[in-house]
Amino acid sequence: MTSYYRRLTVGPTVLNIPVQPPTKSKLPVFPPRRPYNNIIQSSFGITLRSRKCWRVEATVRSAGRSEGGDGAKKVGPGPGQGPGPCSYSVEDRTVEVGSKRDRTVEVAVAVAVTVVLGVGNRVLYKLALVPLKHYPFFLAQLATFGYVLVYFSVMYLRYHAGIVTHEMLSMPKAPYLVIGLLEALAAATGMAAGAILSGASIPILSQTFLVWQILLSTIFLGRRYRVNQLLGCFLVTVGVVITVASGSSSGHSLKEAGIFWSLMMIVSFLLQATDTVLKEVIFLDAEKRLKGGSVDLFVVNSYGSAFQALFICLLLPFLSKLWGIPFSQLPNYLKDGAACFLNMGGTLSSGCDGAPLLPLLFIIVNMGFNIALLHLLKISSAVVSSLASTFSVPISVYIFTLPLPYLGVASSLPAGFVAGAIILVMGLLIYAWSPSDPSSAIPSPSS
């Protein structure tokens, strides 16, 4: 189809604007007698197309003359070229109108789901230990090895559905092996320190997890944080410490336990933070290897949990000793734990009221929490996922003050709960606040 040109003179600048009538695939077709006569041109080359929504592509050039002729470079929505629908392309930078808002909404929804599942995970773990109060090590191993079966089953179904591709499965397995090793070592060191430290001191030491994530993401990802983000993380940490530690003897218990076991717990959170940052590295590397694509969550979870289970098996003699179970008696312990979990009657299942419902609910919610946490990490960052998980701590503390079944008398709120919660929320709001950046505004053509 023949194209034609209309020459407009605006001041000292002469513009050659190519105007090509739309083809049949580009609806609607405008009458030739009004070929965009109502558009005022300045130093912008503007092309209008109709494709469910108006697309306005404005390319700002340093020269005062637009590129014309048959060899003119077209700005189209092709892959990797030009702006997408409803977007502006300013020099070499493309800003998607509405995409940032959609991204913010997606992250906000993912944060809300992660917080809800995080609260359910903490509450149901406490309820699951009511029937399995003598078999917490059995519950931990049941969850670890159960996840391998479930994750690989889901990945198998997604592979046959075309969601998981062969390229995803062909990615290097070394990072997954490191993830499994880090998670197994984090579990071992955490169990060792948790057996000595009091319950009130562990949430305080767990706030080092956020500090490690900020440091590691700065070192390995080259990420830079604004002052308001660092201040927000600091306030979140202070808020959790005040919420959990107020009215408790956590400071005294830390002195009694000694510096060694406190450092051991801090090392455990360092290993966990390294694990989350490494997963973020895997997602970023997948975008390069898969040419803009992304690796499926269940590929990361499946291989990571498989290698974790492998290293847990190698560490079983050490882990069983930490739980006070001689390795020679471990088969009998697991057998008794299975009988209590199934709650099929008999002397072995006495006192196991609530099983298997409560442990199964915990395992299901814990699996959903891990998936939601990894999804949030994938679409945002490790620090944001950590903040969402941290926000579930004070909510869980409040939930335990309610009359829950199987737990007996409800606990009372710590003295500084309200003050700590307010500081924590302020920290989250300060972290999420984005100062306006005039340079990022989208310029509009002058009329």
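**Close-up views of a predicted model**

**View 1. The side chains of E183 and K279 form a salt bridge, with N and O 3.3 Å apart.** A salt bridge puts a side-chain nitrogen of Lys or Arg within 4 Å of a carboxyl oxygen of Asp or Glu. The model is predicted: local features need pLDDT of at least 70, side-chain atom pairs count only at pLDDT 80 or more, and totals for chains, interfaces and linings use all residues. Residues are numbered from 1 along each chain as its sequence is written, and side-chain values use heavy atoms, without hydrogens and water. E183 sits in helix α4 (residues 174-194) and K279 in helix α9 (residues 259-289), so the pair ties together parts 96 residues apart in sequence. Helices are DSSP runs (H or I, at least four residues), numbered from the N terminus. Both E183 and K279 are buried (under 20% relative accessible area, 1.4 Å probe, protein chains only).

**View 2. K279 also pairs with D275.** The closest N and O atoms of this salt bridge are 3.7 Å apart. Both residues lie in helix α9, four residues apart, about one turn of the helix. D275 is buried too. A network of salt bridges links E183, D275 and K279.

**View 3. D285 and R289 meet in a salt bridge.** N to O is 2.6 Å. The two are four residues apart in helix α9, so about one helical turn separates them. The structure holds six salt bridges.

How values were computed:
Buried < 20%, exposed > 50% of the residue type's maximum accessible area, 1.4 Å probe, protein only.
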